[in-house]
Amino acid sequence: MSETDLRPPFLPADDDPAWEVVREPGLSLPQAAYTDPEVYRADLERIFHAGWLFATHSCEVRDPGQYVTVTVGRESVIVVRDRSGELRAHHNVCAHRGSRITTDERGCAKLLVCPYHQWTYDLDGRLRSARLMGEDFARAEHRLVPVAVREVAGLVFLCLADDPPPIDRFVADLVPQLGPHRLDATRVLARDHYRVRANWKTLVENNRECYHCRGNHPEFSLSNFEYGTHGDVRVDPRYDAAVDAAHRRWESLGLAPREVSFPGGSWYRISRLPLRPGFVTESLDGRPVAPLLGDLTDPDVGSLRLVGLPNLWAHANGDYAMTTRLTPVDAATTDVEVTFLVRDDAPADLDPDAVAAVWRATSEQDWELCENNAAGIASRGYRPGPLSTVIEGSVGAFLDWYVEAMFRPGGRSRRRAG
């Protein structure tokens, strides 16, 4: 019997990096999935370059000329509002000889000008001028390469794939729930940047369970129940009663609370969950720290949670919203951007530290936990460990989604050994 015959069914080819991410049901991933540079490169190609990614907020590209650059591995994308008000996304690559057009993270420009030879582009990507190229130069044949982009309820998503997967179902699921918060009519009050010494999957796994919350997140636990994570099978009658009562009250306010958890194995979850008694927002004392967002008329709307694999999680409260965006740097490093949004006409003297208090503390606690976890995973003593069937179901679901995605790209199908 050959070595191939001894392998479990549905494995990739021997030279495929995805071989390193095959996992046994109920266990975490093999070490190489978190540490191997080849697997990291496969992650970029098959996941980050293949699906929809959270890019920025509509309020940051509200006016013509406002732009944000988004980096994904070796790719850089300019997201910009054009003069007609349409949102555009372009590869940050000059059509001349490939120079980056901008190295700024954010800005506002009337035109996009390459610093190398001053080729100049309109905001919609058309080449406007290219000096000293001769009379016969066909300017109309050269433009910035477009990238798929979509605004959804004040959030901006992009997809680097040539043939982006459908996004309409996500839009239909998210808009009724997040829409009333009007994130398109907000402004950035605070933004924190972190470089975390851990693979991006370690950060997502940490976000997908609250097994660790009681012992590590005192600020988060003030306002949030320990329950409510997708895959937590525990039953608590008091929590269930709180959810039922909250849903009836939210519906009376014109909201549309509905649990949407990775439908059909897809990449997103949307859920409005109640906060603990005495808390109407995720603040240290439970009281609002900013004016009500958008069309909301009552501060007690719980916390609307959004997860968008592989790089987003967000909480929208009645008074502020928080988004977390992951950017993988290499197999062992992830950049994180945590942004806090308040309504655009909120007072200029609003205290950013009060708004950010809970999620700044919680995030920084998580990064320490993830770095410690990553250090152990990199050890020769690491073995894939058992996931709790009680409270870590969502971690297992994420890993299933990830492994499945590693086999799908480019028309690749799993092969049965033998």
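Reader: What lies 2.8 Å from a polar atom of the side chain of lysine 201?
Author: The backbone oxygen of alanine 33. Keep in mind that this is a predicted model.

Reader: OK. Is lysine 201 buried or exposed?
Author: Lysine 201 is buried, because its relative accessibility is 0%, and the cut-off for buried is under 20%.

Reader: Which residues does lysine 201 touch, leaving out those up to four places away in sequence?
Author: Leu29, Ala33, Tyr34, Asp43, Phe398 and Tyr402.

Reader: And which helix does lysine 201 lie in?
Author: Helix H5, which covers residues 200-207. The axis of H5 comes within 8 Å of the axis of helix H10 (residues 393-407), and the two cross at roughly 145°. That crossing is right-handed.

Reader: Which residues make the contact?
Author: From H5 there are Trp200, Lys201, Val204 and Glu205, and from H10 there are Val395, Phe398, Leu399 and Tyr402. Sorted by class, the H5 contact with H10 has six nonpolar residues, two charged ones and no polar ones.

Reader: Let's switch to strands. What is the order of the open sheet that contains E1?
Author: E1-E10-E9, three strands with antiparallel pairing. E1 and strand E9 (148-152) are at the edges with a single partner strand each, so one side of each has no neighbour in the sheet. On average, neighbouring strands here are turned by 30° against each other, ignoring direction.

Reader: How many bridges join E1 and E10?
Author: Five, between E1 and strand E10 (residues 155-159), in the antiparallel sense. Within that pairing, phenylalanine 54 stands opposite phenylalanine 157 in E10.

Reader: How many residues of strand E1 are buried?
Author: Six of the six, residues 52-57, so the strand is largely enclosed by the rest of the structure.

Reader: Which helix lies across E9 and E10?
Author: Helix H4, residues 168-178, which runs at about 25° to E9.

Reader: What about the sheet with E7, what order do its strands have?
Author: E6-E7-E8, again an open sheet of three strands, with antiparallel pairing. Its edge strands are E6 (112-113) and E8 (127-129), each pairing on one side only.

Reader: How many bridges do E6 and E7 have?
Author: Two, with E7 covering residues 120-121. Leucine 112 is placed opposite tyrosine 121 in E7.

Reader: New topic, proline 274. Where does it lie?
Author: Proline 274 is in the loop between strand E13 (268-273) and strand E14 (303-308).

Reader: Is proline 274 buried or exposed?
Author: Buried: the relative accessible area of proline 274 is 7%, and buried means under 20%.

Reader: What is proline 274 in contact with, leaving aside neighbours within four places in sequence?
Author: Phe225, Tyr239, Ala242, Val243, Ala246, Trp250 and Gly302.

Reader: And what separation do the C-alpha atoms of proline 274 and serine 129 have?
Author: They are 55 Å apart, and the two residues are 145 residues apart along the chain. Serine 129 falls within the range of strand E8 (127-129), one of the edge strands mentioned above.

Terms used
Residues numbered from 1 in each chain as written. Predicted model: local features only at pLDDT ≥ 70, side-chain atom pairs only at ≥ 80, totals over all residues. Heavy atoms only, no water. Buried < 20%, exposed > 50% of the residue type's maximum accessible area, 1.4 Å probe, protein only. Helix = DSSP H or I, 4+ residues; strand = E, 2+ residues; numbered from the N terminus. Pairing = 2+ DSSP bridges. Axes fitted to C-alpha atoms, helices over the stretch in contact; angles between N-to-C directions. Left-handed = near helix turned anticlockwise from the far one by under 90°. Contact = heavy atoms within 4.5 Å. Nonpolar A, V, L, I, M, F, W, Y, C, P; charged D, E, K, R; others polar. Polar contact = N/O pair within 3.5 Å; in protein donor to acceptor, adjacent residues only side chain to side chain.
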